[in-house]
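Hi,

Here is the structure I promised to pass on.

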Amino acid sequence: FDIMDQKRRILELEKELETDNFTRLLNKTALESYGVRKMGELRPGERLYMLILDMDHFKQINDSFGHPCGDYVLEQVAGLMRGAAPEGARVGRLGGDEFGVLLATSRRKEEFVEYAQNLVEGVRKIRWQDTDVKARCSIGIAALGAKEGSWMKLYGDTDKSLYMAKRAGKDCVHIIG
């Protein structure tokens, strides 16, 4: 065996372990691992932002239009998230119809909120065979600096923010912090 082939194969396997097979985004384990590591590496003035996007009434899309349509919607959401992500962001699928984004930055939070609002608008435009399938999403955002808490606090705050968006009527963005 050539040592370079072995190294290449190991890198391929590591990438497979970190990737959601369906969307080709990071998987939940890889996203959480990055979040834990990044919280410990934040520089002064930097904050780690987390976004959780959850599809609204996704079961109705599957029930009304079929699972191929639901799969198409999830692929489109993944593409929107990846394509519009701020530089340096990590985008992943947390499971089912829930996605996450992490960004360590000292930039203004408004840029990340604008990204989230663009995602909500982009999801509304998803069509399946020229039919509006009423794809909608809710997004929660939170951020912490290095001395403000842990990965688990950030994840919990972001989850709370998501459910505040859901309680506010869905199809919107809510931010904590």
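Sorted by class, the residues lining the largest pocket are 4 nonpolar, 1 polar and 5 charged. For that sorting, Ala, Val, Leu, Ile, Met, Phe, Trp, Tyr, Cys and Pro are nonpolar, Asp, Glu, Lys and Arg are charged, and the others, Gly among them, are polar. The lining is made up of K15, E18, T19, R24, L25, L26, R82, A89, R90 and V91. Helix 1 (3-18) and strand 2 (90-95) each give at least two residues to it; helices (H or I, at least four residues) and strands (E, at least two) are DSSP runs, numbered from the N terminus. The volume of the largest pocket is about 170 Å³. A pocket here is an open set of points on a 1 Å grid over the protein atoms alone, where a 1.4 Å probe fits, with protein on both sides within 12 Å along at least five of seven lines; lining residues have an atom within 4 Å of a point. The volume is the space filled by probe spheres set on the points, which are joined across faces, edges and corners.

Before you go further: this is a predicted model, where local features need pLDDT of at least 70 and side-chain atom pairs count only at pLDDT 80 or more, while totals for chains, interfaces and linings use all residues. Residues are numbered from 1 along each chain as its sequence is written, and side-chain values use heavy atoms, with hydrogens and water left out.

Now the salt bridges (a side-chain nitrogen of Lys or Arg within 4 Å of a carboxyl oxygen of Asp or Glu). The count by this rule is 16. Take a look at K166, which bridges to D54 with the closest N and O atoms 2.7 Å apart. That pair links distant parts of the chain, with D54 in strand 1 and K166 in helix 6 (residues 151-167), 112 residues apart. K166 also forms a salt bridge with D56, at 2.8 Å between the closest N and O atoms. D56 is in strand 1 too, so this pair ties helix 6 to a part 110 residues away in sequence. K166 counts as buried at 15% relative accessibility, and D56 does at 2%. Buried means under 20% relative accessible area, exposed over 50%, and partly exposed in between (1.4 Å probe, protein chains only).

Another salt bridge joins D132 and K134, with 3.6 Å between the closest N and O atoms. D132 is partly exposed at 25%, whereas K134 is exposed at 53%. There is also a network in which R37, K38 and E41 are joined by salt bridges that share partners.

What about aromatic pairs? The whole structure has 4 of them, counting rings of Phe, Tyr and Trp (its six-membered ring) with centres within 6.5 Å; planes under 30 degrees apart are stacked, over 60 edge-to-face, and the rest tilted. Y49 and F112 form a tilted pair, with ring centres 5.5 Å apart and planes at 50 degrees. Y49 sits in strand 1 and F112 in helix 5 (residues 109-124), 63 residues apart. F112 also pairs with Y115, again tilted, at 5.9 Å and 35 degrees.

H57, in the loop between strand 1 (47-56) and helix 3 (58-65), has a positive phi near 55 degrees without being a glycine. D130 is not a glycine either, and its phi is positive at about 65 degrees.

Cheers
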